[in-house]
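Student: Could you take me through one part of this structure in close detail? I would like to see how its side chains meet the rest of the chain.

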Amino acid sequence: MDKYAALKQYFGHSEFRSGQEALVDALLTGRDVLGIMPTGAGKSICYQLPALLRR
């Protein structure tokens, strides 16, 4: 399953918000990431989605 399909299936969104996709991509490649975003910007998805996609 790719990140877009997982985003739609698990969270009901068809596209990423600003900054989310870059964080998800970095996490999927195994990089360490610190996401600093305002409240309500969708930080949780940035960390939960890669966890769903990785073994």
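Tutor: Start with a salt bridge: the side chains of Lys3 and Glu21 meet, N to O, at 2.9 Å. Lys3 is in helix α1 and Glu21 is in helix α2, so this pair ties together parts 18 residues apart in sequence. Keep in mind that the model is predicted.

Lys3 has another partner. Asp25 also forms a salt bridge with Lys3, and here the closest N and O atoms are 2.4 Å apart. Asp25 lies in helix α2 and Lys3 in helix α1, so the pair ties together parts that are 22 residues apart in sequence. A search of the whole structure finds 2 salt bridges. Lys3, Glu21 and Asp25 are linked in a network.

Now check how covered these residues are. Lys3 has 15% relative accessibility, and the cut-off for buried is under 20%, so Lys3 counts as buried. Glu21 has a relative accessible area of 26%, so Glu21 is partly exposed. Asp25 is partly exposed too, at 29%.

Next, look along α1, which spans 3–11. Lys3, Ala6 and Leu7 are buried in this helix. They cover an arc of only 105 degrees around the axis, so they sit on the same side of α1. An α-helix has 3.6 residues a turn, so residues three or four places apart point the same way. What covers the buried residues of α1? The cover includes α2 and α3.

Tyr4 is also in α1. The structure holds 1 aromatic pair. Tyr4 and Phe16 make this pair: their ring centres are 5.7 Å apart and their planes stand at 65 degrees. Planes over 60 degrees apart count as edge-to-face, so this pair is edge-to-face. Phe16 is in the loop between α1 and α2, and the pair links distant parts of the chain, 12 residues apart. Tyr4 is partly exposed, with a relative accessible area of 39%. Phe16 counts as buried, at 13% relative accessibility.

Met1 lies in the segment before the helix. Met1 has 60% relative accessibility, so Met1 counts as exposed. Together with Tyr10 and Leu52, Met1 makes a nonpolar surface patch of about 340 Å². After α1 comes Gly12, whose phi is positive, near 80 degrees.

Conventions
Residues are numbered from 1 along each chain as its sequence is written. This is a predicted model: local features need pLDDT of at least 70, side-chain atom pairs count only at pLDDT 80 or more; totals for chains, interfaces and linings use all residues. Side-chain values use heavy atoms; hydrogens and water are left out. Patches are made of residues with over 30% relative accessible area and no salt bridge: like charges are joined within 9 Å, nonpolar side chains (Val, Leu, Ile, Met, Phe, Trp, Tyr) within 5 Å. Accessible areas come from the Shrake-Rupley method with a 1.4 Å probe; for residues, only the protein chains shown count as cover. A salt bridge is a side-chain nitrogen of Lys or Arg within 4 Å of a carboxyl oxygen of Asp or Glu. Helices (H or I, at least four residues) and strands (E, at least two) are DSSP runs, numbered from the N terminus. Buried means under 20% relative accessible area, exposed over 50%, partly exposed in between (1.4 Å probe, protein chains only). Rings of Phe, Tyr and Trp (its six-membered ring) pair if their centres lie within 6.5 Å; planes under 30 degrees apart count as stacked, over 60 as edge-to-face and the rest as tilted. The arc is that of the directions from the helix axis to the C-beta atoms. Contact means heavy atoms within 4.5 Å.
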